[in-house]
Amino acid sequence: MSDLFERHRPMLEAALQALRTREFWTPFPEVPSGKIYGETARSDGEAAFAELCGAAFAIPGHPEETHLGREESPFGPVLGITYPAASAATLIAASDAAAPALAEAGIEARVGVCLEALVRLNRMSFLIGNATMHTTGQAFAMAFQAGGPHAQDRGLEAVAVAFDEMTRFAGSARWEKPQGKSAPIVLEKNWAVIPTGISLAIGCNTFPTWNSYSGILASLASGNPVIVKPHPAAILPLALTVRVLREVLTEAGLPADSILLAVDQAGAEITKDLATNPAVRLIDYTGSSGFGDWLRANASQAQIFSEEAGVNTVTIAATDDFAGMCANLAFSLALYSGQMCTAPQNIYIPRGGITTDQGPKSFDEVAVGIASAIDALLSDAARAAGVCGAIANPATLERVQTARATGRIIRDSAPVGEGRSASPLLLALEDGDASAEEECFGPIAFLIAVDDADTGITRASGIARHKGAITAALYDTDEARITRAVRAFAQAGVNLSINLTGNIFVNQSAAFSDFHVTGANPAGNASLTDTAFVASRFRRVMWRRPAAA
């Protein structure tokens, strides 16, 4: 079983190096090019996806009491795929039965399985890209990257951190304590890495693989069997993942039930039954704060790693590149129609305007500049569809309609491309308006007039501290004020991007370099991927005895 580990050791060692240096590195190319993935990879991926639609999805040996599945593409078609489904009790029993062999397999065997699975998933990136596109509404280029290579990067990062933590200390030692004139005390000491228990990964609709791979693979690598509970609208990307992992586990001589798929449907959900089962000791969750609160109140037996709602902010104090700033914000606001946990929502602008390389700009001129940049970005229909994609959940469109009445419309939302779609809605508000105090998920942004730049920084860092935020951005030319802002946002526990222009955006989070979510404010209690994310997934237990003479 160590063959897989040795096969992929160079990749693991490179990942460990990248973790320490935080420099750019990836083994999984993000460009959907035939020169990289094979000349027929695109057509093969499309054909493989089409073949899955309208059929039963096979997972050999998986517990099966019925078949469920009602996924509909946000672009229109019904997928018509059904998946093997079983009760929470059946899944828990199967997972529990697989646990001893997975734990006994050892660190290198488990890590080898995870690495081999990631390499196989990378080869399937075009299929996973299509599956992600038609379950989330992401345009294909984004679905390929986020659902495929970028998710795989995050998974590899988690495996590398888990391996590093599990092997940080010696597994055995000869302990010799001097006793003066008496003979020393000599003990043989041994430590075993003991898994915590069954791990439950609760997937989200918008980024089913990107948000789930870290928890799934950190748990598997550290010996915990995993039950993967996809969102009912985005099952396929995770079903493909579970099938690949089960194939590799079987080939490695380990129980395939070390990873299971928990499929349900609206009105007959099993998430709560799984989450509250005493055998479930780890829960990875991405979703609303409401269900996060429910988990904390009712699944107290489990360690919960969560990413939840937050209010991401931009503070505009000044800029030496007004056009570049507006273009950058336009893309950040339009990308995937604002359905990213990193997308900006509240944009704080001094009521009296800002200084720019184009001269002074009033509040309204800044607002119009951002709106005009969005219009320019989306002026070509094909590009607009590629940037905005489609709306994953119909409730998001309803939210856009309701939001129109909350402020002065700077730019109205409109359909773009195919299926459910909406371009960014920009609304002007006054400081203190309650409409901007909660997350308003989707293509909705509030341009908020504040007394001055420092007030904007105070408001932005304050909402991160009290409501939660995953990203914050600042545009400024005053170094002293930038220094104050860096301190304020750090104390609020939110990552800050300063003066982004060009082809880097506040939405982006790079594996091996950026820690996604800090775990230091209400938007989430975990960070992808720091040591705290993996360390409580296992414990060290010692046995010792006097050394043989």
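**Figure 1. A right-handed β-α-β unit is built from strand β5, helix α9 and strand β6.** In this predicted model, helix α9 covers residues 213-221 and, together with β5 and β6, makes up the unit. Strand β6 spans residues 226-229 and runs parallel to β5, to which four bridges join it.

**Figure 2. Strand β5 is largely enclosed by the rest of the structure.** The strand consists of residues 198-202, and five of its five residues are buried. In a regular strand the side chains alternate between the two faces of the sheet. Both faces of β5 are covered. Ile198, Leu200 and Ile202 are buried on one side, while Ser199 and Ala201 are buried on the other. Strand β8, residues 280-286, also runs parallel to β5 and is joined to it by five bridges. Within β8, aspartate 284 stands opposite alanine 201.

**Figure 3. Five strands form an open, parallel sheet.** Their order across the sheet is β7-β6-β5-β8-β9. Strand β7 (259-261) and strand β9 (303-307) are the edges, and each of them pairs on one side only. From one strand to the next, the twist averages 15°.

**Figure 4. Three strands form an open, antiparallel sheet.** The strands follow the order β3-β4-β17. The edge strands are β3 (172-179) and β17 (538-546), each of which pairs on one side only. On average, neighbouring strands of this sheet are turned by 30° against each other when direction is ignored. Strand β4, residues 182-195, runs antiparallel to β3, and seven bridges join the two. The bridge partner of tryptophan 175 in β4 is leucine 187.

**Figure 5. Tyrosine 37 and phenylalanine 126 are one of the 13 aromatic pairs in the structure.** A pair of aromatic rings is described by the distance of the centres and the angle of the planes. For tyrosine 37 and phenylalanine 126, the centres lie 5.9 Å apart and the planes stand at 80°, so the pair is edge-to-face. Tyrosine 37 belongs to helix α2 (residues 34-37) and phenylalanine 126 to helix α6 (residues 125-136), so the pair ties together parts that are 89 residues apart in sequence. Tyrosine 37 has a relative accessible area of 16% and is therefore buried. Phenylalanine 126 is buried as well, because its relative accessible area is 3%.

**Figure 6. The rings of tyrosine 285 and phenylalanine 291 form a tilted pair.** Their centres are 5.5 Å apart and their planes meet at 55°, so the pair counts as tilted. Tyrosine 285 counts as buried, because its relative accessibility is 6%. Phenylalanine 291, at 21% relative accessibility, counts as partly exposed.

**Figure 7. Arginine 537 lies over the faces of phenylalanine 305 and phenylalanine 533.** The arginine is 4.1 Å from the ring centre of phenylalanine 305. For phenylalanine 533, the distance from arginine 537 to the ring centre is 4.4 Å.

**Figure 8. Cysteine 341 has cysteine 204 as the closest cysteine by sulfur position.** The structure holds zero disulfides. A disulfide requires two cysteine sulfur atoms within 2.5 Å. The sulfur of cysteine 341 is 8.1 Å from that of cysteine 204, which is therefore too far for a bond. Cysteine 341 has a relative accessible area of 21% and is partly exposed. Cysteine 53 is likewise partly exposed, with a relative accessible area of 25%.

Definitions and conventions. Residues numbered from 1 in each chain as written. Predicted model: local features only at pLDDT ≥ 70, side-chain atom pairs only at ≥ 80, totals over all residues. Heavy atoms only, no water. Phe/Tyr/Trp six-rings, centres within 6.5 Å; stacked < 30°, edge-to-face > 60°. Buried < 20%, exposed > 50% of the residue type's maximum accessible area, 1.4 Å probe, protein only. Lys NZ or Arg CZ within 6 Å of the ring centre and 35° of its normal. Pairing = 2+ DSSP bridges. Right-handed = clockwise from strand over helix to strand, strands pointing away. Axes fitted to C-alpha atoms, helices over the stretch in contact; angles between N-to-C directions.
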